[in-house]
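Colleague: I have the model open. Can we go through a few spots in it?

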Amino acid sequence: MPSAAENGPPADSASAAPVVDAAAPAALAVTARNGLIATRVFLDPGRTTGAIFTVAPDGSGKQQLTQPSADSVDDHPDWSPDGRTIAFDRRAAAGRARLWTVGATGGEARQVPQICQDEAPDCLNEDESTPAFSPDGKLIAFSRAWGALDDQQNQIQYSDLFVMNADGSNAQRLTMLTNDKPYSGRVDNATWSPDGTQLAFAYRTGATGQPADSTAIFVINADGTGMRQLTPWALRAGDRPSWSPDGTHILFTTYPAGPDYAPGGGIYTVHPDGSAVTALTPAPSDTFYGVAAYSPDGQQVIFAQAPSGANAEVYTMKADGSAVTQVTNTPEEWESRPVWGRAAQ
């Protein structure tokens, strides 16, 4: 299991220009077959209730897997490497998020045992979210937030990245980004490198962060060492990144300053060393782009987009950004956060 490691605050690289001429890392062999796509679907116009669905890459066979209560949102789906299980978080309207799993064909969802089982000070307002299976399926990385709430800033006291066994045992803290700077930001949306040695994750700063109200992608070793900032603050890269199956690229989405779901961002790739930042979608844009993820074979990208004033649908494109194809066609629903699973083994 990884051990907790203390990390200093991230460097402010807002003025750092991305290097574009560095050589790409050596590619890993990829043999996985593409399976179903899992996505979060809002079930009401107010986006207060959401469930996890699966759908085939051609848009057929859409199936609702989870049954949240009214005013609860099941979110941030992630596939187990064998294609049989989906981890997700469930957040009630007035409560904290908890981690759950459900079978790829549905059935009863099961809550993963949470870290806190009492009212200890470090359990106050505990929130566990954005699970991510390791490539061997033995570990789950997740975001944990806890502490007092600052309602004025809509910020919780502490937030960092953790890793635990897939059964919920032996949780270890990987980052210390908010340890000495409470209320400074939110750490979440981790993704594993294909060889399981590193994780990429998002760090979104709050009003007291440095810089304030921005977001960037970071990379850290799986043992908690070697944390580094991957994207400059000025690019505003956030939410869940996606590592290409051959290990040569990290896919991410950018978000403009302002309210959630605002148009104007885009989908990009970058080498794991921070070089060769490349846009896959046109800019400027009046389209909202949501989370994007690679297909298991690495040949395609699944993503969500919503033209101005419309609900989001799921699309695919080739890994170079060409051949955009619409997958879902449910204009009355908001479909986003798609992730592509492997064919069940």
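Colleague: Which residue in strand 17 does Ser-242 stand opposite?
Modeller: Leu-251 in strand 17 is opposite Ser-242. Bear in mind that this is a predicted model.

Colleague: How many bridges join strand 16 to strand 17?
Modeller: Four, and the two strands run antiparallel. Strand 17 covers residues 250-254.

Colleague: And what order do the strands of that sheet have?
Modeller: The order is 16-17-18-19, an open sheet of four strands with antiparallel pairing. Strand 16 (237-243) and strand 19 (278-279) each have a single partner strand at the edges, so one side of each lacks a neighbour in the sheet.

Colleague: Different topic. Which residues have the most contacts inside the largest nonpolar core?
Modeller: Leu-161, Trp-192, Leu-199, Phe-201 and Phe-218, in a core of 19 residues.

Colleague: Which strands supply at least two residues of this core each?
Modeller: Strand 9 (139-150), strand 10 (155-165), strand 12 (185-192), strand 13 (198-205) and strand 14 (215-221).

Colleague: What is Trp-192 in contact with, leaving aside neighbours within four places in sequence?
Modeller: Its partners include Phe-133, Pro-135, Leu-139, Val-163, Leu-199 and Trp-243.

Colleague: Now the rings. How many aromatic pairs does the structure hold?
Modeller: There are 14 aromatic pairs. One aromatic cluster is formed by Phe-142, Trp-146, Tyr-158 and Phe-162.

Colleague: Which charged end sits over the ring of Trp-146?
Modeller: That of Arg-144, 4.5 Å from the ring centre. Elsewhere, Lys-62 has its charged end over the ring of Phe-53, at 5.1 Å from the centre.

Notes: Residues are numbered from 1 along each chain as its sequence is written. This is a predicted model: local features need pLDDT of at least 70, side-chain atom pairs count only at pLDDT 80 or more; totals for chains, interfaces and linings use all residues. Side-chain values use heavy atoms; hydrogens and water are left out. Two strands pair if DSSP finds at least two bridges between them. Rings of Phe, Tyr and Trp (its six-membered ring) pair if their centres lie within 6.5 Å; planes under 30 degrees apart count as stacked, over 60 as edge-to-face and the rest as tilted. A charge sits over a ring if NZ of Lys or CZ of Arg is within 6 Å of the ring centre and within 35 degrees of the ring normal. A nonpolar core is a set of buried Ala, Val, Leu, Ile, Met, Phe, Trp, Tyr and Cys residues joined through side-chain atoms within 4.5 Å. Buried means under 20% relative accessible area, exposed over 50%, partly exposed in between (1.4 Å probe, protein chains only). Contact means heavy atoms within 4.5 Å.
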